Amino acid sequence: MSEPIILKGKPVADAILDQVARDVNYLKEERGITPGLSVVLVGDDPASATYVGSKERKSRELGLNSVTYRMPENTSEEELLDLVERLNNDPTVHGILVQSPLPSHIDYNKITLAINPVKDVDGFHPVNVGKLVIGLPGPLPCTPAGVVEMLKYYKVATSGKRAVVVGRSNIVGKPLANLLAQKRDGGNAIVTIAHSAADDLGAITREADILLVAIGRPNFIGSDMVKEGAVVIDVGINRVDDPDAKRGYRVVGDVDYNQVAPKCSAITPVPGGVGLMTIAMLMQNTIASARGDFNQS
Ligand SMILES: NC(=O)c1ccc[n+]([C@@H]2O[C@H](COP(=O)([O-])OP(=O)(O)OC[C@H]3O[C@@H](n4cnc5c(N)ncnc54)[C@H](OP(=O)(O)O)[C@@H]3O)[C@@H](O)[C@H]2O)c1
C-alpha cells in the first residue's frame, strides 16, 4: 500500500476562516452589522476553559463582537436561564454557545431548549437537530459539519460508499451519520452507526470505505479493525499521560494512527485534523446567523 494522504484540518479551516473574514467585512461595511458571539462558561473545567479561550481569541481576531461570560461553578440553573434569555433578546448577539459540560445541578437539556434556535450556533437545539434530519437549512453542529467539509475539500467521494460512524453521541456521532446520509453533496453514503453494544465491532468497521470514529477511547481502533484502503476520520481527542511531554500529557485520537495509517488511503491526524474544524464552523454559523440565514427556514 502506498503512503496514505494525510487529511490535515488546517488548510480546510483556513479556507473557511478566510471566507468568514470577508463576510465579516461585508456585513460591517455594507450592512452595518458586527456579528456578535456570546460564549458562556460555567465552572472551571480546564479543558472547557481552553476551548472557550480559543473561541474568544478566534472570534476577536476575525472582528466579531465576542463576549465571554465566565460564571462560577455554583451558578444556579435559574441564573443561567436568565442570562440565556437576555442574550436571546439582545439584537447585537447573533450566536449563543453554552459550553458543556455544565455542573451537574444544571439541566443541560433545559438550557439548550432555552436558546433561541436562530442563535443556536452549536446546532444542538432540537429544532435545529430536526432541520438537520429532514434536510432543511439551519445551523449545523460544528464538529460533524467540519468533518463533511474536510471530506469535500479533499474530494473524498461519499456517494454510494459504506460509511461506518463509531459513536452515537448527540454532538458528534448521530449528527455526523445524519449528514453523511443526506441526499446531497457530501452525503449519499450508506451509513451504519456502531456503538458500545456492538458484539463484534471490528466486523462492522472492516466493512467501511469511510470509517469515522468518535468514541473518546485513546488509540482504540487498531489496524485489524480497518479495511485496506479505507479513509479514516478520527474525531477523538484524548489526553494521555506522557512524562516526557512538557505539559505531562499528549493528545491522541481514538485511532491508533501508527498502526492504521499504513493500511488506509487517507487519514486525519490527531492533533491537526478534525479538531481544527470545530471553531471554523462555529465562526461560519455565527456569520450565517448575523446575515439572517436562519431566520426564514
Ligand atoms: N472538536 C473536536 O474535534 C471534537 C468535538 C467533540 C468531541 N470530540 C472528541 O470526540 C470523542 C467523542 O466525543 P463525544 O462527545 O461524541 O463522546 P461521548 O458523548 O462520550 O460518546 C461516545 C460514544 O462512543 C461510544 N463508545 C464508547 N466506547 C465504545 C466502544 N468501546 N465501542 C464502541 N463504541 C463506543 C459510546 O457508545 P454508547 O452510546 O453505547 O455508550 C458513545 O456513543 C472524544 O474523544 C471527544 O473529545 C472532538
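In this predicted model, strands S5 and S7 run parallel and are joined by four bridges. Strand S7 is also joined to strand S8 (residues 231-234) by four bridges, and this pair too is parallel. The points below follow these strands and then widen to the rest of the chain.

**Strands around S7**

**Helix H7**

- Helix H7 spans residues 173-181, and because eight of its nine residues are buried, the rest of the structure largely encloses it.
- The buried residues of H7 are Gly 173, Lys 174, Pro 175, Leu 176, Ala 177, Asn 178, Leu 179 and Leu 180.
- The cover over these buried residues includes two helices, H5 (126-134) and H6 (142-153).
- Strands also contribute to the cover of H7, among them S5 (162-166), S6 (190-194) and S7 (210-213).

**Ligand surroundings**

- The ligand is surrounded by 24 residues.
- Gly 167, Ser 169, Ser 196, Ile 215 and Gly 216 are the closest of them.
- By type, the shell around the ligand holds 11 nonpolar residues, 11 polar residues and two charged ones.

**Domains**

- The domain assignment divides the chain into domain 1, covering 32-119, and domain 2, covering 141-277.
- The centres of domain 1 and domain 2, taken over C-alpha atoms, are 28 Å apart.

**The chain as a whole**

- The chain contains 10 helices and 11 strands.
- Of its 297 residues, 42% are buried.
- Its radius of gyration is 19 Å, which agrees with the value near 19 Å that a compact globule of 297 residues would have.
- Along the principal axes, the C-alpha atoms fill a box of roughly 55 × 40 × 35 Å.
- Of the contacts between residues at least 6 apart in sequence, 69% join residues at least 24 apart.

Methods
Residues are numbered from 1 along each chain as its sequence is written. This is a predicted model: local features need pLDDT of at least 70, side-chain atom pairs count only at pLDDT 80 or more; totals for chains, interfaces and linings use all residues. Domain bounds come from an automatic or database domain assignment. A residue is near a molecule or strand if its C-beta atom, placed from the backbone, lies within 6 Å of it. Ala, Val, Leu, Ile, Met, Phe, Trp, Tyr, Cys and Pro count as nonpolar, Asp, Glu, Lys and Arg as charged, and the others, Gly among them, as polar. A residue is buried if 20 or more other C-beta atoms lie within 10 Å of its own, exposed if 12 or fewer, and partly exposed in between; C-beta atoms are placed from the backbone. Two residues are in contact if their C-beta atoms, placed from the backbone, lie within 7 Å. Two strands pair if DSSP finds at least two bridges between them. The radius of gyration is taken over C-alpha atoms; the globule rule is 2.2 Å times the number of residues to the power 0.38.
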